Amino acid sequence: MTVFVTNAGLQILARVTWRRAAILLTTDVARNMEGTPLVRVVHSPTLTLPIHRVVAIKHNAYRPYAGKTMESHASSQTILRRDQWICAYCEGPADTVDHIVPQSRGGASTFGNQVAACRSCNGFKADRTPREAGMAMRHAPFVHDPWAADQKEVWELFALGARTP
Ligand SMILES: [Zn+2]
């Protein structure tokens, strides 16, 4: 079972194995969040180490995707993952990214200005807006946080744990 690593404010930073979590705990980098379920207890001749489902890094650590907006820069890989490699124009398999307002007209590589597109739609659209090219968009761009599901799970674990007597 994986262990969630968060910062002190319970913002998700990573998922790690219990072995990796044990290292974070024994080196004093992280501490157990006691209210969350116990994943396992590691025994050694000198140590009994409980490992909880959530461990929090002690020093300040910044969550990479927190606070992203439609104006934030997004890489092609991030956009393709967000759109699940589905073309925004024909819903076929996509492996390129289209700038809705073309880069040649100042369109930026942001969450709000990029969608996944197949090569054929991307090539047809070229240096035009979707309206100019007469192309309908099947899905709108949005801000994608790949950690959102894990973050939700962490909060749920913590809320559940906090209610346990
Ligand atoms: Zn397409």
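**Figure 1. Contacts and overall form of the predicted protein chain.** Of the contacts in the protein chain between residues at least 6 apart in sequence, 62% join residues at least 24 apart. The model shown here, and in every view below, is a predicted one. Its secondary structure amounts to 5 helices and 8 strands, arranged along the sequence as β-β-α-β-β-β-β-α-β-β-α-α-α. With a radius of gyration of 22 Å, well over the 15 Å that the globule rule gives for 165 residues, the protein chain is more spread out than a compact globule. Along the principal axes, the C-alpha atoms fill a box of roughly 70 × 30 × 30 Å. Buried residues account for 26% of the 165 residues.

**Figure 2. The two assigned domains.** Here the view takes in both parts of the domain assignment: domain 1 covers 3-64 + 146-163, and domain 2 covers 76-133. Their C-alpha centres are 38 Å apart.

**Figure 3. The hairpin of β1 and β2.** Let us begin with strand β1 (residues 3-6) and strand β2 (residues 12-16), which pair in the antiparallel sense over 4 bridges. Look for V5, which stands opposite A14 in β2. The two strands form a hairpin with 5 residues between them. In the turn you will find L10, with a positive phi of about 65°.

Figure 4. Widening the view brings in an open sheet of 4 strands, in the order β2-β1-β6-β3 and with mixed pairing. At the edges stand β2 and β3, each with a single partner strand, so one side of each is left without a neighbour in the sheet. On average, and with direction ignored, neighbouring strands of this sheet are turned by 30° against each other. Follow β3 to its pairing with β6, which is antiparallel and runs over 3 bridges. Within this pairing, R31 stands opposite A56 in β6.

**Figure 5. Helix α1 and its buried side.** Which residues of helix α1 (residues 18-26) are buried? They are A21, A22, L24 and L25. These residues cover an arc of only 165° around the axis, which puts them on the same side of α1. On the face turned away from the buried side, look for the exposed residues R19 and I23. After α1 comes D28, whose phi is positive, near 70°.

**Figure 6. R40 and its contacts.** Is R40 buried, exposed or partly exposed? With 14 C-beta neighbours inside 10 Å, R40 counts as partly exposed. Leaving aside residues up to four places away in sequence, R40 touches W18 and I51.

Figure 7. Strand β7 (residues 96-99) pairs with β8 in the antiparallel sense over 4 bridges. To place the two strands against each other, find T96, which stands opposite A117 in β8.

Figure 8. Where does Q84 lie? Q84 sits in the loop between α2 (76-82) and β7, and its phi is near 55°, a positive value in a residue other than glycine. Q84 has 10 C-beta neighbours inside 10 Å and therefore counts as exposed. E91 is also found in the loop between α2 and β7. Although E91 is not a glycine, it has a positive phi of about 65°. E91 has 12 C-beta neighbours inside 10 Å, so it counts as exposed.

Notes:
Residues numbered from 1 in each chain as written. Predicted model: local features only at pLDDT ≥ 70, side-chain atom pairs only at ≥ 80, totals over all residues. Pairing = 2+ DSSP bridges. Rg over C-alpha atoms; globule rule 2.2 N^0.38 Å. Buried ≥ 20, exposed ≤ 12 C-beta atoms within 10 Å, placed from the backbone. Contact = placed C-beta atoms within 7 Å. Arc of directions from axis to C-beta. Domains from an automatic or database assignment. Axes fitted to C-alpha atoms, helices over the stretch in contact; angles between N-to-C directions.
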